[in-house]
Amino acid sequence: MNSRRYWKNRLPFLLTNLVCMAALTVFLLVCGNSVSAVVLILIVWALILLMGLVLTYWKRKRQMKKLLDMAEQLSERYLISEVMELPEQAEDQVYYQLLKMAGKSMLEQIGEVERERLEYKEYIEQWIHEIKTPITAMKLLCENHRMNWTKELLLELEKTNRFTEQALYYARSEHTEKDYSVREMALSQVVHQAIADNKYLLLQSGVRLEVEEMQDTVYSDEKWVRFILNQLIANAVKYRMEQPVLRISTHKRQDQVVLVVEDNGIGIAASDLPRIFEKGFTGQNGRMVQQSTGIGLYLCKRLCEKLGIGIMAESLEHGTAISLSFHINCLIHEVQS
């Protein structure tokens, strides 16, 4: 509570008391009372007035501090009226009722927004699942009727499938724990599945693959990890240069298995490196590529945080290296060694 403003608001009350004290002084002197008696009365009045004001200020300040502390501890501060006590003063009760009305209105609006958001999310998920059927059908038709133009169509279908997967995972990324299936998985199998998902993109772009032999096994969700690898492979192709090379390797670091996806593309500017996992951030090189949205790495970061996977980006002299760190406990580490 602002002390200066509090006392400023009390000025009318103080001026009223001063006027009353002056009027009483004149009245007592006219009635023949001695000056010492009048002064004594004024001193007693002033002391009582001062004590009352100080006690009132201290009480109000303590009440306001209690309310502020209570609000600081709340994650949803619009619920302050639900936890605060009913004030004693009449004017404070009016403000209390206004807070209750505002809080109720806010809760109703939040509930409505959440319902609309849930309905939209469910519609998006349903639409994505339905659109996958014609995408799969078109891929099968192209595979069974190979022509010159089917390769280009398959490439576009790969892109369409990747974008629909991205939309689906973005819709689910807030509650990924409901879709977990953590189990033992071989990194080599997941890497080759991700490469197969993007085979036409890699062939059309002329990317040379260098995949190191992997014997490591980790515990994670295969579907989510595969999605992350798809995003990293797509980025490597998107920001490629002449004679593109994509290297995928693993190594052990203390109690971790590190999967590295490295390319020889245009790289990342040093000033952009700390922000590449921010939502919508494209950076200097991203502005040169029209398809850049700044969503892919953001989703990768969020999913890694949910799955307990460390993700780190490093700008090389020629290209970029993205590292995924899978934690393994001591028992698994000893078995794999």
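How many bridges join strand β4 to strand β5, and do they run parallel or antiparallel? I found eight bridges between β4 (residues 245-253) and β5 (residues 256-263), and the two strands run antiparallel. Strands here are DSSP runs of E with at least two residues, helices are runs of H or I with at least four, both numbered from the N terminus, and two strands pair if DSSP finds at least two bridges between them.

I noted that this is a predicted model, in which local features need pLDDT of at least 70 and side-chain atom pairs count only at pLDDT 80 or more, while totals for chains, interfaces and linings use all residues. Residues are numbered from 1 along each chain as its sequence is written, and side-chain values use heavy atoms, leaving out hydrogens and water.

Next I looked at the whole sheet, which is open, has five strands in the order β2-β4-β5-β7-β6, and shows mixed pairing. Its edge strands, β2 (208-211) and β6 (310-316), each pair on one side only.

I then turned to helix α2 (residues 11-30) and helix α3 (residues 35-73), whose axes come within 10 Å and cross at roughly 165°; axes are lines fitted to C-alpha atoms, for helices over the stretch in contact (heavy atoms within 4.5 Å), and angles run from 0 to 180 degrees between N-to-C directions. The two helices, α2 and α3, are therefore roughly antiparallel, a label for angles over 145 degrees, with under 35 as roughly parallel, 65 to 115 as roughly perpendicular and the rest as oblique.
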